[in-house]
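User: I'd like to go through this model and ask where the labels come from. Could you help me with that?
Analyst: Happy to; here it is.

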Amino acid sequence: MINLTINDQKVAVPAGTTVLEAAKSLKINIPTLCNHPDLCVAGNCRVCVVEQKGARTLVASCATPVSEGMEINTNTLKVRNARRHIVELLLSEHRSDCTKCYKNTKCELQALANEFAFGDNIFLDLVEDHSYTIDRSSPSFVKDDSKCIRCQRCVRTCSELQYISAIAVANKGAHQKISSFHDRPMSHVICTNCGQCVARCPTGALTEKTYIDQVWDAIYDPDKYVIVQTAPAVRVALGEDLGYDPGERVTGKMVNALRQIGFDSVLDTDFSADLTIMEEGTELLTRLKKALVDKDASIKFPMFTSCSPGWIKFIEHKYPEFLPNLSTCKSPQQMFGALAKTFYAEKKKIDPAKVVSVSIMPCTAKKYEADRPEMRASGYKDIDFVLTTRELAVMIKQAGLDFRNLESAGYDNIMGDSTGAAVIFGATGGVMEAALRTAYEIVTGREVPFNNLNITPVRGLEGVKEATVKIEGCTDDWKFLEGAELKVAIAHGLVNANKLMAEVREGKSPYHFIEIMACPGGCIGGGGQPIPTSKEIRQNRINAIYSEDENMVLRKSHDNPDVIALYKEFLGKPNSHKAHELLHTHYVERDNF
Amino acid sequence: MYEVEDLVKDLSTKYGTGRSSLMPILQGIVEKHNYLSDEVMVEVAKTLDISAAEVYGTASFYTFLDTQVRGKYVIRVCKTITCSMKGKGEIMQVIEDMLKIRPGETTPDRMFSLLETNCIGWCHKAPAILINEIPYTELTPEKVVEILKSYMKTK
């Protein structure tokens, strides 16, 4: 242990601890900006400077490891003046149109300015002299360089967590900027639209592209019938933007709020998550049958899940030779969209041309997914607008709702029923668990052999997880699988996905089925979720997801009564011709830059 | 057109494919072709298994690793204070008039690019310019005309 004093308080911490962490253990708050719990130390913003006795200059506490006998002061006049100047210098290069900014009151730089640099700034405003680009090319987010303070959280996110590096630091000095490859528009580079950078940007430089106004317009248009669906991960995180602690489930209040906002039907993406399991589970079993019984060499293994649009774009850019391994199933959002303007409109006797389909997602990539030209199976744009969890929180506030005191309400019927298997889609490993619960039962007629249906090996925040399920006691149709060991793997965060993909490329992958989610923790850690995010917050959301599952009466996708009715009345059976037309898709090879 | 793949392959054989090979490879390309095209940066990224944005980030940091189209001869006129005081303005004017381009531009025949540069260490013999790697010093308008004429002849 290393002994040091901070503000005259003695503390002993393990070697390698930073001064910032040591101060935290004493409940001494040092302001930070470029620092983020998910990312490596950068030490470039200097906001966290402190005075170290004997040192020539102030030191950045985030980047300074403790040493024996160190004496640190975090609150001297020198530190205070330096912090003020540092924040003022950052502000001199930041377009401070705070009252009009989407991040107003949620901006970390604004909060620091409020603490240290209110009043007149002694430095010249350099923003006027620069010509900045505002890149609105992506349907998912806006990159506004005039708000960027070059803390490089986005660059570290894209490289360390996502293994993409669609953005990097370009040029130098006053011209330094965060740039895509040769300043190309973000819509035309390797960016997956995952929004992890958006979730970590401390200012308004990276924000989701918002469609709140368009949704309000649709709601107020008497000629439109506005349907909304909510993704599983939204209900366990929305509360964070409305004053709740991470991990509070607000499902019932959220449904009530959506109804009061004025949506005509409040439905659940969980319904189409169950449907995805029926389609994807059947697809997996059919692929196994074709490969093992029919000896069809064109069938590729491992099969990959296809629910995460960030992951889809990643594989399209980086591993296009494995596109045949991807499940052809659309994501739950798009399955829902294809049915909303066909099956649902038919059932409710509404003209599909008048239906406006909105989805509330934990995700920014879903905005991109909805814009893909393939996603028009209904003859219309299947999903008209995608809002993030954060945007929904804004709408709830705009509507003047007292969220905390709202009664709980239930989803509307026809496409509103769901099971616990669908809810867990929101956590890494959830799709795999849901698929196993159903596929095992299809093949053996028995429930999956795990205590209370909880397939614990596929759960948790480890980057790559794996499990083996031995298939025994098959029914007659599936005798060829008797005794087989189904090997599965799960990765979340694209840096982990890349590990599994490198194995696949080397031909060393032992798995049959791989679940990949682009974001750390799965959808609960999505780029559209409330800010901030950290491992602890993600764990709380995951715990909430599993308790939501445990509280459901139905916990297997094939038991969902709305899904059963859909097949009976409309689709026939899983992977039927009609199901293929509406619920399956294809992929596109893209450039690796 | 040059063979991008072969060039990058040769350079990576010489310098290796680690992250630290990026600089010498980029320098090797610029030595041969005066600038880094998008095509060549993508090829370097692929060879070193890093992202193209990172290659661009590195290239754009260094003034001598150009990412814009450059002519066969890149003329860099020193813009720092000594050269300015010793007649840099006149030198620049003569070059602009002869080549019919302004600083930052390249002649349509891709023979010459005209740029300004920070101090190149020839203050004692100002004003100075660089043409590719070669410095020309103690310049007068007449000398510059002669120098440019000799380059025009060699094309």
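User: What makes a residue of chain B count as buried, and what percentage of chain B is buried?
Analyst: A residue is called buried if 20 or more other C-beta atoms lie within 10 Å of its own, exposed if 12 or fewer do, and partly exposed in between, with C-beta atoms placed from the backbone. By that rule, 32% of the 155 residues in chain B are buried. Please keep in mind that this is a predicted model, where local features need pLDDT of at least 70, side-chain atom pairs count only at pLDDT 80 or more, and totals for chains, interfaces and linings use all residues. Residues are numbered from 1 along each chain as its sequence is written, while chains are lettered from A and ligands numbered from 1 in the order in which they are written.

User: Why is B:Arg102 called exposed?
Analyst: B:Arg102 has 10 other C-beta atoms within 10 Å, and the exposed class takes 12 or fewer, so B:Arg102 is exposed. It belongs to the loop between helix H6 (88-99) and strand E2 (112-117) of chain B. Helices (H or I, at least four residues) and strands (E, at least two) are DSSP runs numbered from the N terminus.

User: What pattern do the helices and strands of chain B follow?
Analyst: Chain B has seven helices and four strands, in the order α-α-α-α-β-α-α-β-β-β-α.

User: How confident is the predictor in chain B?
Analyst: On pLDDT, the predictor's confidence in each residue from 0 to 100, chain B has a mean of 94, and 98% of its residues reach 70 or more. For the complex, the ipTM is 0.92 and the pTM is 0.95.

User: Which domains does chain B have, and how far apart are their centres?
Analyst: An automatic or database domain assignment sets the bounds: domain 1 covers 4-61 and domain 2 covers 73-153 of chain B. Their centres, taken over C-alpha atoms, are 28 Å apart.

User: In chain A, how many residues of domain 2 and domain 4 are in contact?
Analyst: The centres of domain 2 and domain 4 of chain A are separated by 37 Å over C-alpha atoms. Their contact takes 15 residues from domain 2 and 16 residues from domain 4 of chain A, where two residues are in contact if their C-beta atoms, placed from the backbone, lie within 7 Å.
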